Amino acid sequence: MNVFLLPYTWMRHLSMSLWCAGAGLLAWWVVLAVFLNWTVWPPSLDGPILLSGVAAAIAGASLLGEGNLRRMALAKRLAFVGLGMALTVGFTLVWYYAWHFIVLKLVFGSGDYAQDATDPSLVSFTFRIGAFAAAGLASGLGPAIVRKGGGFIDHVAGGLAAGIGAGIAWHLLNSREFNTDLYLAGAGMGLTWGFLHGLLVWGIPDSLYAGWIRVLSARRFGRRIPVDAPDGGPKERFVGHFPRGLDLYLPVDDGVMELHLSVAVDDRQRYSARGLSLQPTLVRRFLERVDLRYDPRRPAPLETRLSSGDRIYLGEGERQAVLEFIMLPREER
């Protein structure tokens, strides 16, 4: 998880999903190949150990990914991950036993159903859905506490959905169509749980990136300036050919006026372009063109939201400058 290796495209939303999916699969393999072969415990502990191990690994992977992206100090990163994993394991075990020894007994009483429900070899999803939901909720709540409540609803709802989704994958892969293969079902559980957790709970935030204006015209090709202020507050950058006081100078031979365009960012990291000249000022993006040339009849300049990859054309014909708005890792500044 390195922000320099994650370009600002829609694919970045899958990076954390694949990262956590790998952690979930690895945790399932470790529990199955190491602990079950080297450690002896009663069968009744297989469920809580597997679920708490996978939940802790996925929660830890999410926190470790964030620590890597934010370049936290190593000691803080380890404490960040360790505390989240410990909380996840604790919540999983408490809710697991609450489901199996309180809810099921209250619902089914002391009859034959209660005996079946508490049998550790039972693989019916009807009886195990609560365990998966509890572990999934714990995998979201543990990181939420460590992150001090940031995106609490996303953590709780996303973790719960990931746990239930893992249970559904486990149930389907254990069905007759897959020859009731519990080995394959466990692998699918870890992959599905991690993928949904990374997709729903915590994604790569836009705050790790910053907007830049890059010149594509031949005269100043490759020249670029940051839009964001160093303190992260609102900022406006001006483009033109006036010799002083502008953030980006472009020659008048390219059709750029003294004060032609500005690109602004607000305190919520929303970017916009404003046309300040009567000369042609055009923003182009996929299936859309926005004319921003200044209209004297309007009380304020026209503006439009900017997204990474938008191109801005100043002037027209042979006398034209081309800019591009791009999002790059904030550390690149």
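Tyr 96 is buried, with a relative accessible area of 9%, where buried denotes under 20% relative accessible area, exposed over 50% and partly exposed the range in between, as computed with a 1.4 Å probe on protein chains only. The structure is a predicted model, in which local features need pLDDT of at least 70 and side-chain atom pairs count only at pLDDT 80 or more, whereas totals for chains, interfaces and linings use all residues. Residues are numbered from 1 along each chain as its sequence is written, and side-chain values use heavy atoms, with hydrogens and water left out.

A pair of aromatic rings is described by the distance of the centres and the angle of the planes. Six aromatic pairs are found in a search of the whole structure, with rings of Phe, Tyr and Trp (its six-membered ring) taken to pair if their centres lie within 6.5 Å, and with planes under 30 degrees apart counted as stacked, over 60 as edge-to-face and the rest as tilted. One of these pairs is formed by Phe 91 and Trp 95, which is stacked because the ring centres are 5.1 Å apart and the planes stand at 10 degrees. Phe 91 and Trp 95 are four residues apart in helix H3 (residues 74-108), so about one helical turn separates them; helices (H or I, at least four residues) and strands (E, at least two) are DSSP runs, numbered from the N terminus. Phe 91 is partly exposed at a relative accessible area of 22%, and Trp 95 is likewise partly exposed, at 26%. The rings of Tyr 96 and Tyr 97, by contrast, have centres 5.4 Å apart and planes at 85 degrees, so this pair is edge-to-face. Tyr 97 is partly exposed, with a relative accessible area of 29%.

Arg 12 lies over the face of Tyr 8, at 3.9 Å from the ring centre, and Arg 284 over that of Tyr 313, at 4.6 Å.

Arg 330, in the segment after strand S11 (319-329), is partly exposed at 30% relative accessibility. Beyond its neighbours within four places in sequence, Arg 330 is in contact (heavy atoms within 4.5 Å) with residues including Leu 208, Ala 210, Asp 228 and Gln 269. The C-alpha atoms of Arg 330 and Pro 230, which are 100 residues apart along the chain, are separated by 9.9 Å.

How values were computed. A charge sits over a ring if NZ of Lys or CZ of Arg is within 6 Å of the ring centre and within 35 degrees of the ring normal.
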